[in-house]
Structures are given as structure tokens and as C-alpha cells.
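This report looks at a predicted two-chain model.

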2 protein chains.
Amino acid sequence: MKKLLELLKEKKFKDLRIHISTLHAPDIAEAMAEVSQKESLLIFRLLPKDLAVEVFSHMEPSYQVEFSQLINEDELKELVNELNFDDKIDYLEEIPANLVKKILQNTPENERRLINQFLNYPEYSAGSIMTIEFVDLKKRMTVREAINRIRKIGVDKETIYTCYVTDNERKLEGIISLKELILSSEDSKVEAIMNKEFISVETHDNQEDVADKFLKYDLLAMPVVDSENRLVGIITVDDIMDVMEEETTKDFHMMAGMQISEESYLESTVAGLFKKRFPWLAVLMISATFTSAIMEHYQALIASMAILSANIPMLMGTSGNAGAQASTLMVRSIAVGDVEFRDLFSIIWKELRVSFLIGLSLAFLNFIRMYIIGNYTFLLSFVVSLTLIATITLAKLIGSALPMFAKRIGLDPAIMANPMISTILDALVLITYFTITSLFFHF
Amino acid sequence: MKKLLELLKEKKFKDLRIHISTLHAPDIAEAMAEVSQKESLLIFRLLPKDLAVEVFSHMEPSYQVEFSQLINEDELKELVNELNFDDKIDYLEEIPANLVKKILQNTPENERRLINQFLNYPEYSAGSIMTIEFVDLKKRMTVREAINRIRKIGVDKETIYTCYVTDNERKLEGIISLKELILSSEDSKVEAIMNKEFISVETHDNQEDVADKFLKYDLLAMPVVDSENRLVGIITVDDIMDVMEEETTKDFHMMAGMQISEESYLESTVAGLFKKRFPWLAVLMISATFTSAIMEHYQALIASMAILSANIPMLMGTSGNAGAQASTLMVRSIAVGDVEFRDLFSIIWKELRVSFLIGLSLAFLNFIRMYIIGNYTFLLSFVVSLTLIATITLAKLIGSALPMFAKRIGLDPAIMANPMISTILDALVLITYFTITSLFFHF
């Protein structure tokens, strides 16, 4: 990429053309996003047509939109026309409806109808990530005929490594891999070697569930069928890797109390980031009013014994951290399918024991810190340590149980985000602390 | 799977044998882990040999170890012998050294040496996830010869869809896909169609970087070479999906201040969970002593104006949440390659604007809550709102900058976990709050 930028600066266009043809499309797309619009257009015009299409499909969505305003309408139409079907849908989803209309105006009626159907699949559904470019075979074919068909139609297909056997009504009857075809005798029938126990999904299934199946069954491609088992598309593993990354980002953002967006950080505007972050912060701040109310309630106690308040930040922080550990572990365990709702009691029992051990150890450490190293009285050191045991146990129980209940009632467990749990815990910590204090100091 | 368990309970072993052969290996492995040891052994003995090997390779590592104690040593040896090379390495890594020795005692010397070499690759390196079962071709071959070679040796290979062209010293000269072979004329030379500009990794490269390359270049397999460019193995996309999931889990755990482990939740012991969680909690609790010291310092102030302390939990909570948003966004943006260290200043500038907007809006809300709805004085409501603006700006700046600095000095950005940042912020919030209060109330 360095060399590309150098040649570009030195205006050695002949060398540049040769150099570019040795590069990979994703690298060229990356370079184009970094140079000026003029230079980016220059690079693009040096590309052989096939490579240009591939480069375009590897651009970030927002850059695709930006770039398509640099080229003229005819160039754009030609480019979009050459895109793989799924890349075409992805691009058309990004641009305004009137531009979609313009681009599709010379597209044959039946393809246009298909494109509109695909544009209407809900976001994050299997339908929204599938493509129609697959190899279909018939079960009466011999292996030789099947391979000949692959040779004939394979060049434009998203994959030729998994082929789909359909009947005359497009119903999916079996799946056969190119490996099985290549390793079988040429006179065998497709029917005899195809796999009838295949894994498939429906158009409206969630993309996250599709990704789980790829992971579990080590698939390279998966058929998508409609409610009547007719084959409508396939999903390939490269798109699933993108889904996995997207879903991870969604989980991370949700767990930190942010709304989901697909923009990369540097592309996001200040207003966009504000909108993503403000709502949860506001909700949680207002919920935190509850903690102020508790503190106000114990104002007299604090006034008469200000030293009491000195340990509140430590108690809240430590419990918050303990709760975050439990909730994060649980959200992730649910996401990878390690635990289910029926495991709730064994989880609670385990967390009880772990949190008691942790609480006891931290309480011991804290007692040393307060009574032996610090200047606190025995009683206060004891009360704070006791509170620590109680609040850590609470934190672990709530942190692990809430994501399970969220999942149970159909919410994303990640919504029981660390911020939410720590806000709940802050209130509980204060109540526990003041209750225990009142018991021992007899107010 | 329900049907399998039913047939098992009704002891209809004949039907069970037929039913099992229609199931997928991962489902059978899952079922075996759920039933009793006796039943699991029974299912296993009903499996055709090939399927048995596949089922074993799909078991969770800890269950593999458990299960291999149920079968006798000869069965185990045979089973392990039949495993794919990478699955074999994964299994041998899990079991005690003396059992490895026993299992390998009849293995030929050269294979044993190879296995030992693979067992020695560092954890999380490319070498630790690669396999040796690839198809190698020579550049002088015709396409026909190449396809014949694939037919001859392909059955045991991890993939036949990407083939590797090596010279006599095993140096990698090019890559060719089965698609290119199938779509080319049979008399073409491999040399003419192979891809010389291939993406490869070295044995000691980190698996996370390997996964990034799969994602960027949409690969199905990638060659692993040694320092002299000799082909030593390949990595396939199914293993990379596992790596992606593993790395995501590592990031989640690190961000919640837990040590990494590969055990699933339900498999983890109480002691194991304790060891994972205690160290960070203890470190952070002791760091939180700093907050106690600040509170002690302002004890007189709090005693004379106990109502001051009522807003501390809200201030710390809200700033902590704001910091968590920024740090999570940044850790994830670094992980997916969206931002780099050179973007630091543009990030700080963006965060400054976003946090000012958010701080201002939250301060406004808070002022209404305290002065208009609540019973606070104008001055205190104002002071708390002002503190909110200052601490949210601090939180966003620290939350976004610390992960970048961690990355810069070679640490995992996720180590600048939310717990770490919220502990730092707690102290800063207190200092800010008391400083501003002292200014306005003239203590």
C-alpha cells in the first residue's frame, strides 16, 4: 500500500497500473478511502473492470455512497449491475430511494421485482444477508453432468463448493459438496450421494442464529428456504464472519448502555454519537435519584458521623465491579449457548458460594486496611467489612440472574448492561450499608 | 435430539442405530454430554466408525477428557489415530503427558516428532490452530493432473478447495482454488493460473491477526509458512470462526476485569471462578482506598453539610457510565481496526464536543430534578450540575484515551477495562466535586 501511495504521488501512472493489478481488492479499497477524491478516482480508472467491481464491493458502506457521487451515472449503473447479488442489495440499501430507481431503470422487470423483495427482508434476518447466486442441480443427473453444469454456470456463482439439488417446484431435496462430486465416480447419480439431512434456515430467522449454526456445524454455505421449503437463496461463510463481528459490536455497545449503530467511530458525527449515548445516560442518571433519596434519608446519621460516608465510594465501586464480572460472564455464556434458563438454580447456587468466598477474602483485606493500617475503629472496620460480604453476594446474584431473566422474557441479555446493574447495585449498597450501620451503632 | 433421548429411554436400540446415522455429529456430541456416562457409551458404540471419530472431535474439550476415560485404551488409541491432525493436537493438549505418551507409543517416529513440534507452538499462535492435511500441487502439472491428484489424496484432507503449489524444498510458490481448476481448460498448466500474490501468515503470528485477515480477504483457508517461506500447514475458516468466538469471550472477560479461561461457565469450579475474579477485585478495592482518603480529607465539609454527600453516588454512577461508553466504544473500534493511535487527536477533539453536549444536557436535566422538583438550593443544584459537566468530559476523555495508550505500549486495550476506568473516575469525580463546592461555598 505504501508503494501504491508513492507511485501515486510521483505520478508514475504506468507503473501504478501494473502495481495495482498485483494488489488485493480489500487493500485497494482501503487505500482509496485514504487518498483524496481526485486520486481515488484516478486509481479506480486504472483498474481492470472485474477488479474495479470487486474493489467497490469491499469499500465501507459510507465510502461506497461517497464514491458513487464521484463517478457519472452510466459508470455507476454499469458498476452496480456487475456486483454480486448480495453486494448489490447491500449497496442499494445504503442509497436514497430515488437513486435506487434511477439505477434500476434499465433492469429487467423480473430482476427488479426480486431486488425489491430482497430489499424488504427485515434487517438482521437471514433474508437480508443471502444471495441468489448458487449452483442448483437435479437429482437425476450423473456426477459428470453435475460437474459439467458447474463448469458452465459456476463462474458467476458466490460458491460452487456446495451445490443445491432442487425439484421442479424449486423445493430443496438435498445438498452436495463439490468435494463429494469430485471424489465420486463420474457415473454415480447425484441422488445417491447427496445429503438429505441438511441444515437450513428460513428467510426471517435471525442472522445471529444463522451464525451459531455455521459455527456449530462448520459450514461453508447454508441454504435459505421459504415457509414451503422452496430454496430462495444461500448464505456464505464470508458474510457470516461479518455478521459475527457485527453482532459482537452490538453486544459490546449494548452492554455499555449505548444504542446500536453500524457506523465506524471515525465516520460518526458528534450529533450521532450524542444520540447514541445520551438516552441511557439520562435514564440511569434519573434512576440514580433514588440513591440521592437514600442518602438524604440518612442525612442525620451522616452529619453526626461523617466518617461513615468515606467508605461509600469504595463499597459501591467494589460491588459494581463484582456485579459487572457476573453479568458479563453470564451475557457471554448465554450468547455462546453455554447456559440456559433451566440452569438458573445451579448458577445461583454456584454464585452464592463464589461470592461468599470472594466477599470473605475482600472483607479480610478491607479489615486489615481499615483497622490495622488505617485509623478506623474496630466497630466501623467490622461494619464496612460485613457490608462488603453482603453487597458482593447481592452483586453476584443480581449480576448473574438479571441477564437470564431478560433472556427469558425475550429481551437481549446484554440489555442488563453493566451500567444498569451498577445503578441498581448503588441503591442496594447504600440500603445495606445504612441498615447494618444502624444495627451496630444503635441510632 | 428429543427422539434420540426417547429411543434411548425406551431401549429401542435398533431404531436408535438407524436414527443416529441421520443425525449430525455436533448434535450427537451434545446429546452424549447430557446423558449418563453409561448411556453416552452406549450411543458411542452404536455409531459407525467414521461418525464416531467426527462426534469425538465435536465434543467440548473437558468432555473429551471425561469420555476418553470411559473407553478402553485400545479404543482410545484407534480413535485418536483417526482424528484430523488439528483435532488430534487439540485433544493431546488437553490430556496429561503420560497419557499422551501412551497414546503415541505405536505412532511412527516422524509423525511423533511432528506432533511434538505442533504441541510446542505457543497458545493463541497461528501454529497452534493449523493442520497439515492440505493438498499440495506442483506448478508443472496440468489442470487434469492436478484434479487427478486431488481425487487421489483429497479424501483425508481438511479442505480440497484451496490447493498449495510448492517447489521441491516445500517453499510455497502459489495458491490455486478448486474453482479455478474446475473452470479452466484441462490442458492449462497450474503455473499459468495459480495466484502468486497470496495472503499467508507465519507460525508465530497471533491467531487474532489471522482472523482479521480471513475477515478482510474473505478467505476459506490460509497457508502458514515458516521463516524461510516453507509451507508448514494451513488454517481453515471453520477453526477461524472458533477463534473469533474465543477472542470475543476473552475481550468481554478482560473488560469486566476477569482473568481469561477457556472453560464454559457450568464446567468451571467455584475455586476456578474465585481465582478468575478475585485478583482484579482486590486490586481495584485497594485502589479505591484513594477515594476513602479523599472523603476523609473533606470530612469537616461533609459533617457541616451532609446534604453534599447525597449527590455523590449519582455523580460517580453517571460519570462511570459515561466513561464505560467511551472506553467500550474505543476498545471495540481498536479491535475491528477502525481507529489507530494516529487518530488520537481527532478522537479527543470529537469526544470533547460530544461530552460537552452530553454534560450540558444531563446538567440541565439534573438542575430541574434538584432545584425545580427537589428541595435543593439554587447554589447546590448549580454546583452539582456544573460538576456533572466537568466529570462527564473527564470520563469521556479518559475512557477513550486510556485504551489507545494501552494499545500503544503493547497491552491489550481491553485491560483498560470499565472497572479500572470507573475506579480512576471515582477519585477524579470526588476531587472535582469538592473543589467546585469549596469554590462556591467558600469553606
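Between chain A and chain B, 39 residue pairs are in polar contact, both residues being at pLDDT 80 or more. A polar contact is a pair of N or O atoms within 3.5 Å; within protein, one must be able to donate a hydrogen and the other to accept it, and residues adjacent in sequence count only if both atoms are side-chain atoms. Helix α20 (residues 312-335) of chain A supplies the largest share of the side of chain A that touches chain B, 15 residues. Helices (H or I, at least four residues) and strands (E, at least two) are DSSP runs, numbered from the N terminus.

The model is predicted: local features need pLDDT of at least 70, side-chain atom pairs count only at pLDDT 80 or more, and totals for chains, interfaces and linings use all residues. Residues are numbered from 1 along each chain as its sequence is written, chains are lettered from A and ligands numbered from 1 in the order in which they are written, and side-chain values use heavy atoms, with hydrogens and water left out.

**Interface and symmetry**

In contact terms (heavy atoms within 4.5 Å), 120 residues of chain A meet 118 residues of chain B. The area buried between the chains is about 10700 Å², with carbon and sulfur atoms giving 67%; buried area is the accessible area (1.4 Å probe) that two parts lose on being put together, summed over both.

A rotation of 180° with 0.0 Å of shift along its axis places chain A on chain B at an RMSD of 0.0 Å. The two copies are therefore related as by a two-fold rotation axis. The superposition is by least squares on the C-alpha atoms of residues with pLDDT of at least 70 in both copies. A:Ala303 is the residue of chain A that comes closest to the axis, at 2.4 Å (C-alpha). Because 98% of the interface residues of chain A are also interface residues in chain B, the copies meet through the same surface.

**Salt bridges**

A salt bridge is a side-chain nitrogen of Lys or Arg within 4 Å of a carboxyl oxygen of Asp or Glu. The structure holds 42 of them over all chains, and 10 are found across the interface of chain A and chain B. A network of salt bridges links A:Arg144, A:Glu186, A:Asp187 and B:Arg151.

| Salt bridge | N to O distance |
|---|---|
| A:Lys102 and A:Glu73 | 3.8 Å |
| B:Arg230 and B:Glu228 | 3.4 Å |
| B:Lys250 and B:Glu247 | 3.2 Å |
| A:Arg342 and B:Glu34 | 3.7 Å |

B:Lys250 and B:Glu247 are three residues apart in helix α16 (residues 237-255) of chain B, so about one helical turn separates them. Buried means under 20% relative accessible area, exposed over 50%, and partly exposed in between (1.4 Å probe, protein chains only). B:Lys250 is buried at 14%, and B:Glu247 is buried at 6%. B:Arg230 is partly exposed at 27%, as is B:Glu228 at 44%.

**A:Thr131**

A:Thr131 is in the loop between α11 (126-129) and β1 (136-137) of chain A. A:Thr131 counts as buried, at 1% relative accessibility. Its side chain makes a polar contact of 3.1 Å with that of A:Glu133. Leaving out residues up to four places away in sequence, A:Thr131 touches A:Phe85, A:Asp86, A:Glu158, A:Gly233 and A:Ile234.
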